[in-house]
Amino acid sequence: MSVVLEPRLRGKTPWFQGDVPADLVPEKYRLDRAFVPKARYLDPEFLRLELDKMFRRTWLMACRLEELPGVGNFVEYEIGSHSILIVRESRASVRAYHNACRHRGTRLARGRGRVGSLICPFHGWRWNLDGSIRLVLDREEFVPRSDDDLGLVGVRAETWGGFVFINMDPDAAPLLEYLDPIPRIFEPFQMENMRYRWLKGVILPCNWKTALDGFLEAYHVLGTHPQLHRFDKSNTNIASMQELESRVWAPTTAYERHAYYASVGRKKQTITDDAGKDPAQRGTDNVTDERLAVALSVQYIADDMRGLENERSWRAAEALKTADVPKDVSAGQYFLELYKNLSLAEGYDWKEITPQQWAEAGTAWNVFPNTILLPNQGSMFMYRARPNGFDPDSCLFEIGSLDLIPMADYDKKRQFQPEYFENWRDADLGEVFNQDLSNAKEVTVGMHSPSFDGHRLSEDQEMTIYNHHRVADRFIWNG
Ligand code: FES
Ligand SMILES: [Fe+2]
């Protein structure tokens, strides 16, 4: 069931009342209209509740299939006190297990690697990749136990779009049902045919939700990334933006669990509009040519963020700068034509994305609870945040840049290595991400001030953040 909660229906239930009766929620954690109390970010007790009640019962994006290229490849996924191994069991199947020996509990494997069987480092018990027990040294000395009792304890693992999700709740609904409507909406973006260009993880001095919140609204763009307004458009979906500018301003849309924001359409009386549409007034370096505005914004994202755009869209943008664009076609539409022709000529699949599909895909989706996906034609970003142990003021934040690969390479395997950094400033993430990540500590320090009680959110542009809390309440307080 998809309940689309129309963001313009302000002040009406259930959008502003949360999903559970208010008296179930302790006052210090209780949501109010567009208000999120700070204890939901700062209290160690609340983090415990998230770990026990929410993360154990939701589908969590654990890795991508390309991180498990061969039989026996594994990736460890840690969250709170849980360590889970995701293992390629066969060409067609991926399984997940709690990473704990059935003998005396030893963690079986760390990080990532490739094994023929899972072997406990302590006394050498072994398991097949399907989790069944293969060897217990001197088994005759133990109380007789069934193989079932000695098998690894499984965790649900299902895939969508090339992502492997896990769920520690054996009774959880299937992944595709949980993700609804994302699989339908993302279908034309072919995420299953994308691969990581890079994946970087950094420790941030903030709550795991603070890390994500910074990517769940475009309201911060003017304050944090003023350079993005050098260009008339900061998004490549120009064809659809034009179409959508005549529509209602509806930046946040929430479904039953997941929500997205779309930075389409411009609302009057924002600072942007005060500056008018004249690019000269926006510090555009005198870019008044629509072709240049589109091309430079594509190339800025491609060069600085190293994601969301790619080397083909960069070249299409370069060609656009001097292209003879027909009068009835926008520069954005023409850019997409150039990009499409380049892609098809070079062996990439190209699915037409209709204006309606662009609109539904929006800018960034919060895949509840802790993943964000930014779809684009040919490339995408994935963000994921997890608590760092039990410290509410620290998290592991990961950014993945993915690109479509040529059709001829769909079956090719390659080894892929993510990179992790203790200090995010060492991660070489570019200007835009550095600006975003600089906010993490400042928000956290400020939130600890006794003067601050909670987030006061824009009812248009920041309800993606509110939606997370609304849905979290359902898991935390309902049973
Ligand atoms: S703890 Fe694993 S074999 Fe003993
Ligand atoms: Fe940002």
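How many bridges join strand β17 to β18, and in which sense do the two strands run? I will come to that after the ground rules.

This is a predicted model, in which local features need pLDDT of at least 70 and side-chain atom pairs count only at pLDDT 80 or more, while totals for chains, interfaces and linings use all residues. Residues are numbered from 1 along each chain as its sequence is written, chains are lettered from A and ligands numbered from 1 in the order in which they are written, and side-chain values use heavy atoms, with hydrogens and water left out.

Now the overall picture. The chain has 15 helices and 20 strands; these are DSSP runs, H or I of at least four residues for helices and E of at least two for strands, numbered from the N terminus. Of its 479 residues, 56% count as buried, meaning under 20% relative accessible area with a 1.4 Å probe, protein chains only.

Back to the opening question. Strand β17 (residues 379-388) and β18 run antiparallel and are joined by 10 bridges. Two strands pair if DSSP finds at least two bridges between them. Within this pair, Arg386 has Leu396 of β18 as its bridge partner. The two strands form a hairpin with 2 residues between them, and Gly389 in the turn has a positive phi of about 65°.

β18 has another neighbour. Strand β12 (residues 194-204) pairs with β18 in the antiparallel sense, over 10 bridges.

Last, one loop residue. Asp428 lies between β19 (419-421) and α14 (430-448). Leaving aside residues up to four places away in sequence, Asp428 touches Lys200 and Arg306, where contact means heavy atoms within 4.5 Å. Asp428 and Lys200 are 228 residues apart in sequence, with their C-alpha atoms 9.5 Å apart.

Notes: Buried means under 20% relative accessible area, exposed over 50%, partly exposed in between (1.4 Å probe, protein chains only).
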